[in-house]
Amino acid sequence: MPALVRHRWWLPAALALSCAAHAQTQPPQAPAAADAPASAASAPVVNSDLDAPMFYQLLIGELELQGGQAGVAYQVLLDAARRSNDEELFRRVVQIALQSRAGDQAAIAARAWREALPTSLEAHRTQIQLLALLNRPAEIPPVLRSLLALTPADGRGALIGALPALFQRSPEPARVLEAFEPLLRETAAKPETRFSSLLVLAQLAKNADRYETALIHVRAAAKDFPEREEPLLMALELLPRRPEAEALVTAELQAKPDKQALRLAYARALARAQRPGDAAREFRVLTQESPEDASHWLALGALELDLQHPDAAETALQRYLKLVDKPGGDSSSLAERAIAAAGLDKADKEARLQGQLLLAQAAEMRGDFKTAEKRLAGIEAAPGNLDIAYRRASLLARQGRLDEGRELLRQLPADRDQDRRARVLAESQLLRENKQWQAAYDLLGQAIKQSPEDADLIYEQSMMAEKLGRAQEMEALLQKVIQLKPQHYHAYNALGYSLADRNERLQEARDLISKALSFAPGEPFIVDSMGWVEFRLGRLGEAERLLRQAYGSRPDAEIAAHLGEVLWAAGQQDEARRVLADAARRDPRNEALQSVMQRLQVRP
């Protein structure tokens, strides 16, 4: 074979690399000393396995690429790669196709690469990644099966576990599940890949909205691998759609109460599910087990406030601030203490600000406006902070200075659309809290003229229409919300509850609330609505069960009013009095609660 051309500096760099892949060279030698004998400097010429036609083909391909003819370069170099079975050259061809945004051509090159070099792990991985990128999941299982056969047994689980990430943004998750389910059921039957296969099956089923199937796989993984927490964490992901998944977690925590990471994940899931009573219960346990963890106290304080427990909230929040204000905070090393002394990072500052705001809100909830204002004044925050401005506006309104509070909110900077929208929502909430229904309705109407398809603004206006006694208008607005945002479960719930409260079209009301529960199972206010419609339908037993469930998760005054009325109708007057009186102590101003207590002649 002809010797490799020595002086190739004029060739494109990529061609030089391609040629070098064919060269059979010795490791580079150190330069000869200046005074070394001439014979020592004369090394034997090592020939390359690159023949003249192949060299010419590589040259043509690279020149075509430099000339902007990527398609021609791709064809020429792919043919060269197939002829030479050179892995570096296949890699180059895939790169050319990707740089030209030719995904199908890249996949063809990757397939050719794998067929030419069937033991190449890189070829397999590249083809799988490209097929996933092109959303062609049905073509992947044979390639994955081959790659699994080439992979050592202890590495196969990780290979399977990486699948969901490849299809995280797939527009057709049902197709992904259908493509992989047969293979994953095969691998789930093998000990070395059973765990990862069950979890991936559960994840893909969840992505495809097949929650019952996902739960089946999670239960199997939890049963076969009781020492692993991943199935229980997956159960928490299923909790919003499959409430029965919660039993897996509660059983584990009952058997092993010291699993703090799992309990924390459970508490957060409960909070996301709008179940503050249950979430607070778990955070109380966490603060007992880890009293030096400031984040647990902050979460507990926020939940206690949501539950209308200002004293308990203040105790938790004071403990939180005391922990973060300690020299060094939670730091233990000298380096960590130095960092803490230099100042909190952005996330810590935001958390501390939230704690101070919640403390001010607790004082306001107790009616201690002077303390609330003092705490707000002591907060260091960026000018124009909406949370602080709203709390100050709320304080002014509660002292009979509503117009001043509104003006305070209007003075906030609103250079962006989202800032203007947030300001409108804050002002409408302030008006709503102070029973200024018409003013809130008008304010929202003006905003909707600017954003006629903003479902959240329309929803808020529908609530004001309901307060103004405009039932038909409220219904029309909620129907528009559902049309704009079909998964807006608050709209289904509000419409269904309104019908039930007026004792109209009860079966339609029940269907609407069922729809809301399909999006947010276990959400206390929606469960409350279902309990109320069951009461209207005369099903006292089911109504009591649902309302007890809702009140246990969220002891809200309005839910208490419904539960008290159902208990009274069921002949349990003593318990009804207890529930109503307990709620009245927490929220004495709630109108629904006051109305029921007056009608039933129950004293606080």
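Just after helix H5, Arg 101 takes a positive phi of about 60 degrees. The model is a predicted one. Most residues other than glycine have a negative phi.

Helix H5 itself covers residues 87-99. Its 13 residues should span 18 Å at 1.5 Å a residue, and the end C-alpha atoms are 18 Å apart, so expectation and model agree. At the start of H5, Asp 86 sends a side-chain oxygen to within 3.1 Å of the backbone nitrogen of Glu 88. Several H5 residues are buried, including Leu 89, Phe 90, Val 93 and Ile 96. Arg 92 is also on the buried list, as are Val 94 and Ala 97.

**Other positive phi values**

Gln 308 has a phi near 65 degrees, a positive value in a residue other than glycine. Gln 308 sits in the loop between helix H18 (294-306) and helix H19 (310-325). Its relative accessibility is 29%, so Gln 308 counts as partly exposed.

Arg 505 also has a positive phi, near 40 degrees. This residue lies in the loop between helix H29 (489-501) and helix H30 (506-519). With a relative accessible area of 39%, Arg 505 is partly exposed.

**The fold as a whole**

The protein has 35 helices and zero strands. Of its 604 residues, 45% count as buried. The accessible surface comes to about 31,200 Å², and carbon and sulfur atoms account for 51% of that area.

**Salt bridges**

How many salt bridges does a search of the whole structure find? The count is 57.

| Pair | N to O distance |
|---|---|
| Asp 104 and Arg 136 | 3.1 Å |
| Arg 410 and Glu 427 | 3.0 Å |
| Arg 585 and Asp 582 | 3.4 Å |

Asp 104 and Arg 136 form a salt bridge. Asp 104 lies in helix H6 (residues 103-116), while Arg 136 lies in the loop between helix H7 (121-133) and helix H8 (140-150), so the pair ties together parts that are 32 residues apart in sequence. Asp 104 is partly exposed at 43% relative accessibility. Arg 136 is partly exposed too, with a relative accessible area of 25%.

Arg 410 and Glu 427 meet through their side chains in a salt bridge. This pair links distant parts of the chain, with Arg 410 in helix H24 (residues 402-410) and Glu 427 in helix H25 (residues 417-433), 17 residues apart. Are the two partners buried or exposed? Arg 410 has 40% relative accessibility and counts as partly exposed. Glu 427 has a relative accessible area of 4%, under the 20% cut-off, so Glu 427 is buried.

Arg 585 counts as exposed because its relative accessibility is 60%, over the 50% cut-off. Asp 582 is partly exposed, with a relative accessible area of 27%.

Salt bridges also join into a network. Its members are Glu 246, Arg 263, Arg 275, Asp 278, Arg 281 and Glu 282.

Notes:
Residues are numbered from 1 along each chain as its sequence is written. This is a predicted model: local features need pLDDT of at least 70, side-chain atom pairs count only at pLDDT 80 or more; totals for chains, interfaces and linings use all residues. Side-chain values use heavy atoms; hydrogens and water are left out. Helices (H or I, at least four residues) and strands (E, at least two) are DSSP runs, numbered from the N terminus. Buried means under 20% relative accessible area, exposed over 50%, partly exposed in between (1.4 Å probe, protein chains only). Accessible areas come from the Shrake-Rupley method with a 1.4 Å probe; for residues, only the protein chains shown count as cover. The expected span of a helix is 1.5 Å times one less than its number of residues. A polar contact is a pair of N or O atoms within 3.5 Å; within protein, one must be able to donate a hydrogen and the other to accept it, and residues adjacent in sequence count only if both atoms are side-chain atoms. A salt bridge is a side-chain nitrogen of Lys or Arg within 4 Å of a carboxyl oxygen of Asp or Glu.
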